[in-house]
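This report describes one protein model for a reader who has not seen it before. Please look over the sequence and the structure below, then read on.

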Amino acid sequence: MTSDLAERPWRTYSFGPFMLIPERQLLLQGEAPVRIGGRALDILTALVERPGELVSKRELMARAWPNIIVDEGNLKVNMAALRRTLGDGPGATKYIATVTGRGYQFTSPVQRHGSSGLAAPIRSPTPRNHNLPIATSTIFGRADTIDAIRRDLGESRLVSVVGPGGIGKTTVALAVAEHELKAFKDGVWLVDLALLKDPALTPNAIATALGLAVHSADALSSLCESLRDREVLLVLDSCEHIIDATASCADRMLAEVAGVRILATSREPLRVKGERVRRLPGLGAPPRSSRLSAAEALSFPAIELFVDRATDSFELFELHDVDAPAAAEICRRLDGLALAIELAATRIDAFGVGGLLKQLDDRFRLLVGRRAGPERHRTLIETLDWSYGLLTESETALLRAVSVFAGLFDIEGASAVSNVAPAETADAVAQLAAKSLLAFDVDTDGVAYRLLETTRAYCLERLRVSGEDQIIRQRHTEHVCTVLERATAEWAERPAREWEAAYGRVLDDLRGALAWAAQDTANRSLLIRLTVAGLLLWNHLSLTEECRVHVSHAIEELGPAGLAGSVFEMQLQVWLGGATMFTQGLMPQARNAMQRALDIAVQIGDTDCRVRCLRLIGVFELFSGENDAAVRTLETFASVAAAEVPSAVLEAEVALGIGELFIGQLHDVRQRFERRHELNLEDINDSQRLRRHVRYLSDRIVDVANVLSHVQWLTGSPDTALNTARATVEYALKTKHHLSLGNALSWVCPVFYWTGRYEECGRYVTMLDDQARRHGFDVRRPVAMFYWAALARAQGDAAAQRVDELERAIADFHRTKHLARLPFYLGVLADFQAEQGRLDDAETTIRAALDRADAKNDLWCLPEVLRVQASILLAQGQAERAEAQLIKSMALAQEIGALSWRLRAANDLARLWRAGSKADDAYKMLLPIFSEFIEGFETHDLAFAADLLASLTRSGDSQATSLKSPPVIRPRSGLPSIPC
């Protein structure tokens, strides 16, 4: 007797490499059956029956879910699975097209075979050798892990895939199981333990999955006996809530049944002998970058998953470059958790990428989604509830307590916030880490732990509901304070990188603790203490503006807290003065804060703080342009340091050297700083000796090299100066100390500008402007603005706009009261004005520069200012006065040892004399000065001098031509003025 199926008419549909036989619920690709779910097959049948026609969503849902009301999302999920099965994708054959808002259309040609009188051939049913579900989604970023687990299974009979809820353990295990189907003659069997409530029934659950009937009271013995001659792979999924029972079953089966291998998924290992554990990390996401493109982002598996699932939810979605950074931030904030990323992606149609990122603060309301899948995975909060409910009371209390940490914490921190002894805390932390509720990392001081962001947000809400929030945060704030006070004590002793590795991670906890302490006036004293404790960390990380804001707030609380005039105020005021000076300029409030700190230091006898204040006040005076006052202050600083604080002697020498540079003591500074620079290089090259050189806001090696590059150029060593400048920036970049890097860039820009290295100078100006903008160093922005305009002019852009830019830069110098080098800046402006024919303005500007240089003893640049004045006089037709000023410039340059300024003035004077038929005199005057240089012949001034000497040789008399000719370099069309 034939079956009903054999008598029923049958149809087949062919398209591409596929053949569909609806009556047999069969899809073939070539000769091989394709695994496809029943709903997806019904949808495919409905589409291929009407190729080229629009089939509405309502029709498809009625076909796949007859007499059932379902959400449209179910259709989208099954359509996505169907497309993956058929291989629809970029660059592949397209079988199904979406008609937006209406339905779908089968677009590939279809051939129908068979008729109503024929019966389908009946094949013997294939014995079932697995119960694995049909994969309905693509797996991203796990290929290497899947291969590694397969290798593990070849070497170990028990492999556990371990990780937090939602990380993708089941997905990976099922993929491994799919690959292993042919390796086990008696099959691969999935045992879903998630819904099992009674641990005693674990053997029964395994037997049921295998299709075995177990009637004995000793179910485990019967199970082992039934499996004795079989070769099977058991996939024990979601073991964590019955971990002991699962471990017992696994141990017994492995001991008694040689052909059994087990692949388990759990949030903690089974701890059975011979177990090999694979911890599953989150999916990789791009690092933070504002320049991330969509193509770059899609090379990371977390982004691939996000885009794939977003496309399932909203078929028109595409990731564009503008949204790539936000998509990356979403995946990072979700810790690469596959479940969380999938749930977020399903809301893309409602919020878009940018809106989705903004919604993450309420991630538990947002991350609700799919109706398919295990109940524990239908919302993120259900996943976390599942894990949380399996913990003991002491474990949940610890989780709530450590949720106040912003990132990494150690056993000491966990003990402090939970108020539990360290030994007990260590045991509990180890248990939570084993259960994948804590991630761990190895840092300088040992093992550190952290909560995943999603878990932390969940536990913070549990902490709030528990009523323990305030006491836990109080403990956290006190702990952060203690840690940072210890960091301050260790700062001078530990290598910089080691110190940062140990304490840099505390920054976010410092921020959180300060925010909490500021909410209640009862915490005033703790807030002040915590702010003082954080000073070195802010400085180390160059967070100068952040430091200034918090210090200002703490100072406001000193009076009400009864701490005015205390050591706390002294420390806060000195840092306020320095931070304000570097971020907002040389404002009176900065100077007042320094003086207040100095007064308290003298009153309480704190010599270390006294020298710190003297240095800051001296630097303030230097950059206010008060050179003589600054030198006097810094000499006092050096004297006190030498007598009472030897460790500050180097900083005193560096600061005093800047003052001596400005007042023209160039050779002394160069000799002393070159010796000092050699010693500093030993520190740089010896990582064991390297200490943080930022004692007073800026790195002392950078400060030494900055001054040195200037005096090297001024005293006639341009190539050496360039090499020093390049090395300074390279070193400053390695320090990762932004304030020191900003200082280096502001000092090296003029060196490259003076030497005519305009392209290189432009790169450093760009870096300086970026540093100033990103880190709030407003005092540096006028420097960048000034050199942008000067570079444009030096490279031939004579537009009036450049003069306007220079004037704005100088106005900003006045606004920030950063008046160091002002005569030099005014000289450049005057030169520009004269070039544009604005001689009256140029004369006014150069007079202001001369007056300022005389009044403030700015001898270092006075020769150049005199040279520019001479060029203006010459443009006014006053050749004799111009000649006198050039001779005066050369004499002053010789007096202070500024060979490079002397050459510039000599070049101008030689041109003037040549125009007056005194070529021989010009040659004899210029050649000895040129000959004093032993390097730098490719730099602008020396190259011009060589060309000028060559032209003077050609036009001079026999006496001139008998002299040795200088090297001839490609002639230049005229001498553009290159003020510093």
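Predicted model: local features only at pLDDT ≥ 70, side-chain atom pairs only at ≥ 80, totals over all residues.

Helix α39, made up of residues 822–835, has 14 residues and reaches 20 Å from its first C-alpha to its last, which is close to the 20 Å expected at 1.5 Å a residue. Of the 14 residues of α39, 13 are buried, so the helix is largely enclosed by the rest of the structure. Just after α39 comes Gly837, with a positive phi of about 85°.

The protein as a whole contains 46 helices and 15 strands. It has 980 residues, and 55% of them are buried. Its accessible surface comes to about 41,400 Å², with 51% of that belonging to carbon and sulfur atoms. Contacts between residues at least 6 apart in sequence can also be sorted by separation: 68% of them join residues at least 24 apart.

Next comes a sheet. Five strands form an open sheet in the order β4-β3-β2-β1-β8, and their pairing is antiparallel. At its edges are β4 (32–33) and β8 (111–113), each of which pairs on one side only. In general, strands of a sheet pair through backbone hydrogen bonds, either parallel or antiparallel. Strand β3, residues 26–29, is joined to β4 by two bridges, and the two strands run antiparallel. Leu28 stands opposite Pro33 in β4. Helix α2 (residues 38–48) lies across β1 (12–15), β2 (18–21) and β3, and runs at about 100° to β2.

Most residues other than glycine have a negative phi. Ser238 is not a glycine, yet its phi is positive, near 65°. Asn857, also not a glycine, has a positive phi of about 60°. The table sets out where each residue lies and its relative accessible area.

| Residue | Loop between | Relative accessible area |
|---|---|---|
| Ser238 | β11 (232–237) and α9 (243–256) | 3% |
| Asn857 | α40 (839–856) and α41 (862–875) | 23% |

Is Ser238 buried or exposed? Buried means under 20% relative accessible area. At 3%, Ser238 therefore counts as buried. Asn857, with a relative accessible area of 23%, is partly exposed.

Terms used. Residues numbered from 1 in each chain as written. Heavy atoms only, no water. Helix = DSSP H or I, 4+ residues; strand = E, 2+ residues; numbered from the N terminus. Buried < 20%, exposed > 50% of the residue type's maximum accessible area, 1.4 Å probe, protein only. Contact = heavy atoms within 4.5 Å. Areas by Shrake-Rupley, 256 points an atom, 1.4 Å probe, with all protein chains shown as cover. Expected span 1.5 Å × (residues − 1). Pairing = 2+ DSSP bridges. Axes fitted to C-alpha atoms, helices over the stretch in contact; angles between N-to-C directions.
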